[in-house]
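Subject: Structure handover

Hello,

The structure is below, with my notes after it. Please read the notes with the coordinates open.

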Amino acid sequence: RDLRMSRGLGDVYKRQVGSRKNCVDLAKKFGATDIINYREGDIVEQIMERTHGQGVDKIVVAGGDNNTFDQAIRMLKPGGIIGNVNYLGEGDTIGIPRVEWGCGMGHKTIRGGLMPGGRVRSEKLARLVMTNRIHPEELITHTFQGLEGVEPALMMMKDKPRDLIKPLVLL
């Protein structure tokens with residue numbers, strides 16, 4: 001799972017939740033300060049321990065399953081934001097714990113979508129790549145050619161082999 005979190009004003013931590021070495025190494029290269037390994041215990045408990053019970057301000061969900069929202073809400077401070085870019089492919093519902101949600105009055109926000117902002121945001125991201133401020137090529141672990149590469153790339157994202165970060169299809 002890829003949850004990036006921050007805590008406090010001016011007191012920013014970038015935490016990566018996961019256990020695959022290639023993802024952890026890249027997260028550190030991109031500035032992660034803490035690694036939370038879900039194989040070493042409950043991630044909510046680990047986050048709450050590291051934040052002294054306060055939780056975090058922001059979470060980006062970029063992996064996991066339908067239970068990820070339950071966990072994210074439990075570790076999010078009131079007024080916090082969860083940004084979801086993860087495809088939730090199974091089940092009819094996503095569980096939201098009522099009390100941790102603040103009984104609906106905790107001002108916890110969930111935003112979702114793969115590319116909010118349309119053309120303007122796309123142009124801004126392209127400028128960041130073109131001026132070498134961000135390096136998305138470091139995320140690419142597998143490359144496919146042509147339209148016939150779309151299905152294998154999608155299946156790879158579904159099956160998540162251990163060496164995968166992101167596949168790229170060149171048309």
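Lys160 is found in the loop between helix 5 and strand 8 (166–170); helices (H or I, at least four residues) and strands (E, at least two) are DSSP runs, numbered from the N terminus. Phi of Lys160 is near 50°, a positive value in a residue that is not a glycine.

Some ground rules. This is a predicted model, in which local features need pLDDT of at least 70 and side-chain atom pairs count only at pLDDT 80 or more, while totals for chains, interfaces and linings use all residues. Residues are numbered from 1 along each chain as its sequence is written, and side-chain values use heavy atoms, with hydrogens and water left out.

Overall make-up

The chain has five helices and eight strands. Along the sequence they follow the pattern β-β-α-β-α-β-α-β-β-α-β-α-β. Of the 171 residues, 32% count as buried; buried means under 20% relative accessible area, exposed over 50%, and partly exposed in between (1.4 Å probe, protein chains only).

His107 is exposed, with a relative accessible area of 66%.

Helix packing

Helix 2 (residues 43–50) and helix 3 (residues 67–75) have axes that come within 9 Å and cross at roughly 20°. The axes are lines fitted to C-alpha atoms, for helices over the stretch in contact, and angles run from 0 to 180 degrees between N-to-C directions. Helix 2 and helix 3 are therefore roughly parallel to each other; angles under 35 degrees count as roughly parallel, over 145 as roughly antiparallel, 65 to 115 as roughly perpendicular and the rest as oblique.

Salt bridges

The count comes to eight salt bridges, each defined as a side-chain nitrogen of Lys or Arg within 4 Å of a carboxyl oxygen of Asp or Glu. One of them joins Arg50 and Asp34, with the closest N and O atoms 3.7 Å apart. Arg50 lies in helix 2 and Asp34 in strand 3 (residues 34–36), so this pair ties together parts that are 16 residues apart in sequence. Arg50 is partly exposed, at 35% relative accessible area.

Glu100 and Arg74 meet in another salt bridge, at 2.8 Å from N to O. This pair links distant parts of the chain, with Glu100 in the loop between strand 5 and strand 6 and Arg74 in helix 3, 26 residues apart. Glu100 is partly exposed at 28% relative accessible area, as is Arg74 at 34%. Asp70, Arg74 and Glu100 are linked in a network of salt bridges.

Lys158 forms a salt bridge with Asp159, the closest N and O atoms being 3.6 Å apart. Lys158 counts as exposed, at 60% relative accessibility.

Surface patch

Leu147, Val150, Leu154, Met157 and Leu171 form a nonpolar patch on the surface, together with about 540 Å² of accessible area. Patches are made of residues with over 30% relative accessible area and no salt bridge, with like charges joined within 9 Å and nonpolar side chains (Val, Leu, Ile, Met, Phe, Trp, Tyr) within 5 Å. Areas come from the Shrake-Rupley method with a 1.4 Å probe, and for residues only the protein chains shown count as cover. Leu147 sits in the loop between strand 7 (140–145) and helix 5 (150–159), and counts as exposed at 66% relative accessibility.

Regards
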